[in-house]
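Hi everyone, and thanks for coming. I'd like to walk you through a structure that may be new to you, so please have a look at the screen.

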Amino acid sequence: MAAYIRAAQNLANRHLIELVLTSELPGFVPQVFTPEPFDDEQPDQQAHQHLIPYPSPDASPQSAASPDPVEEPAHQPAAATEEVPAGALVGNRTQKAIRTEAPSSDEDGPAEHVLDAAPGDHEAATVPEKSPTRPNRRTLILIGSAAAGFLLVIVLVLWQTVGGDSTSSASAPEPEAPSVEDQADWATSLTAPTSADEALDEVYGHQLWGLPAAEAQTLSWFSAGVVSVYDSELRLYDTLTGDEIATVELDEPIQWTVEHVIAGSPAVGFRTGDEFIAIDAEGEVQSWPLSEDATVAVTGQIPILTEDETHYALVFGEEDPVELTGNPELITPAADVEHLIQVAPGSPRVVLIPFESEESEQDLEAADIRLIAPTPEAVFSRHLSVGHGQSLALWEVEGESYLGVHPLDAGEDEAPAAAFVPAPKEITGWEIARGMGLALVGPYAFDLSTGALASYAGENTTFSAGLGPAAVTETSDGRRFTVENETYTEQKRIIGYTGDGTIVIREADGSVTVLGQSTGGIS
């Protein structure tokens with residue numbers, strides 16, 4: 001019964017809906033599951049997140065946070081269907097659409113980044129079949145004697161097929177990581193991490209700037225900068241200098257925030273009751289009104305708005321959402337800066353369909369890309385995640401499961417695996433780490449710029465989150481940060497890490513300090 005309860009809670013967390021678990025079994029008491037709140041100081045991974053204030057000014061930075069619950073994108077899983085013929089993969093190119101619906105205050109699916117007093121997840125670009133599930137609905141799960149096992153299988157298949165989104169946590173079952181002593185010569189070499197015997201923040205003694213506890217109560221670090229919500233204003237600060245890049249007056253509370261990309265530049269998006277607001281690292285701001293039935297999800301580099309089962313890209317500089325028109329026989333799980341991404345169920349194929357807008361000067365063609373495993377013995381199983389220029393797929397080799405990370409290039413018709421590793425016991429899609437530099441799956445951290453394996457957590461260990469180039473594990477005596485396969489501790493609570501000489505610290509009194517390096521060491 002514990003498995004049913006855990007699956008129901010996970011489902012409520014993922015879709016931000018209330019679930020009622022009941023049963024025909026004698027003596028069973030119905031249970032109501034509501035989405036668990038995201039915790040304060042855990043770095044985000046890849047799904048929207050609610051804003052949760054810092055616990056209290058005198059809270060210990062080590063005790064202020066516990067691992068975030070696993071979050072997944074607000075999409076339904078892809079059904080297993082027959083392979084689509086290669087010639088049928090490329091759909092129509094995107095066309096511009098004008099929206100005329102009146103705005104409303106309906107909320108979306110899982111939240112993406114909690115402002116760090118409550119860090120959270122970056123929604124994983126996993127492979128859905130249907131549009132995002134709407135929240136604020138009560139879903140009834142009935143468990144009978146014979147139907148119980150069947151329903152649990154459905155729930156677990158949904159959980160594993162959608163994948164990702166998003167976020168592993170220390171409380172989740174630890175993956176059975178492969179042994180580094182028994183590796184095939186065609187698989188990516190696994191090297192257990194070594195201890196650096198120092199704290200990651202040890203060499204950061206030069207204070208650059210900071211914010212007092214009151215202004216830092218609801219705060220997060222992103223690749224675009226440091227975001228704080230205070231006195232009905234959202235402020236974006238330059239991480240290095242502390243200069244205020246942009247200020248947005250808030251008429252309504254922020255429901256969630258998400259990290260994404262605008263024209264190749266990092267950005268942060270915010271959902272309020274009736275609009276989606278985006279701010280880039282240069283301080284440019286744009287907003288889009290949202291209708292009553294609109295949902296927004298970010299499972300790649302840019303936000304996708306869904307209304308009446310139609311997908312639109314929220315493209316910076318375009319006043320109206322851009323309609324995404326693809327092949328209806330394919331699944332549309334994500335969009336990157338230049339392309340709608342579709343995948344073929346049951347086939348190792350990914351289609352990139354370029355966006356078209358009034359400003360388009362080139363007649364771009366869609367790309368039909370076949371994923372290639374490093375061994376001819378590999379049999380494609382299913383797509384797990386796509387986005388950020390990469391595809392994560394599950395393969396089978398002689399009865400063993402492997403994860404393949406395949407860089408997607410619109411100019412190529414094949415995508416060889418940049419990394420090919422034994423799959424952990426719990427097979428999910430990836431979670432995009434805070435800063436959008438890493439994709440995390442179980443004991444693996446993949447470099448999103450290349451698809452290569454950046455760090456390996458070791459046997460029976462899982463990465464719970466990521467900050468910039470650092471993948472995070474939770475241990476009984478504190479967090480560990482793995483950078484380039486070396487593991488570091490922390491002296492104070494680290495909530496931001498750029499990897500190029502700047503680190504963001506949550507002090508014991510609730511204030512936030514941004515530090516630069518004072519001596520040599522890892523940047």
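I'll start with some strands and then turn to the aromatic rings.

A word on the source: this is a predicted model, where local features need pLDDT of at least 70 and side-chain atom pairs count only at pLDDT 80 or more, while totals for chains, interfaces and linings use all residues. Residues are numbered from 1 along each chain as its sequence is written, and side-chain values use heavy atoms, with hydrogens and water left out.

Let's begin with an open sheet of five strands, in the order S5-S35-S34-S33-S32 and with mixed pairing. Strands here are DSSP runs of E, at least two residues, numbered from the N terminus, and two of them pair if DSSP finds at least two bridges between them. The edges are S5 (194-199) and S32 (465-467), each pairing on one side only. Strand S32 runs antiparallel to S33 (residues 470-475), and three bridges join them. In that pairing, Ala-465 stands opposite Val-472.

Strand S14 (residues 285-289) has Gln-286 and Trp-288 on its covered face, with Val-285, Ser-287 and Pro-289 on the uncovered one.

Now for the rings. How many aromatic pairs does the count come to? Rings of Phe, Tyr and Trp (its six-membered ring) pair if their centres lie within 6.5 Å, with planes under 30 degrees apart called stacked, over 60 edge-to-face and the rest tilted. By this rule, the count is ten aromatic pairs. Trp-256 and Phe-276 have ring centres 6.0 Å apart and planes at 50°, so this pair is tilted. The two sit 20 residues apart, Trp-256 in strand S11 (residues 256-262) and Phe-276 in strand S13. Both Trp-256 and Phe-276 are buried, meaning under 20% relative accessible area with a 1.4 Å probe, protein chains only.

Phe-380 and Trp-395 have centres 5.4 Å apart and planes at 85°, so they are edge-to-face. Phe-380 counts as buried at 12% relative accessibility, and Trp-395 does at 4%.

Definitions and conventions
Helices (H or I, at least four residues) and strands (E, at least two) are DSSP runs, numbered from the N terminus. Buried means under 20% relative accessible area, exposed over 50%, partly exposed in between (1.4 Å probe, protein chains only).
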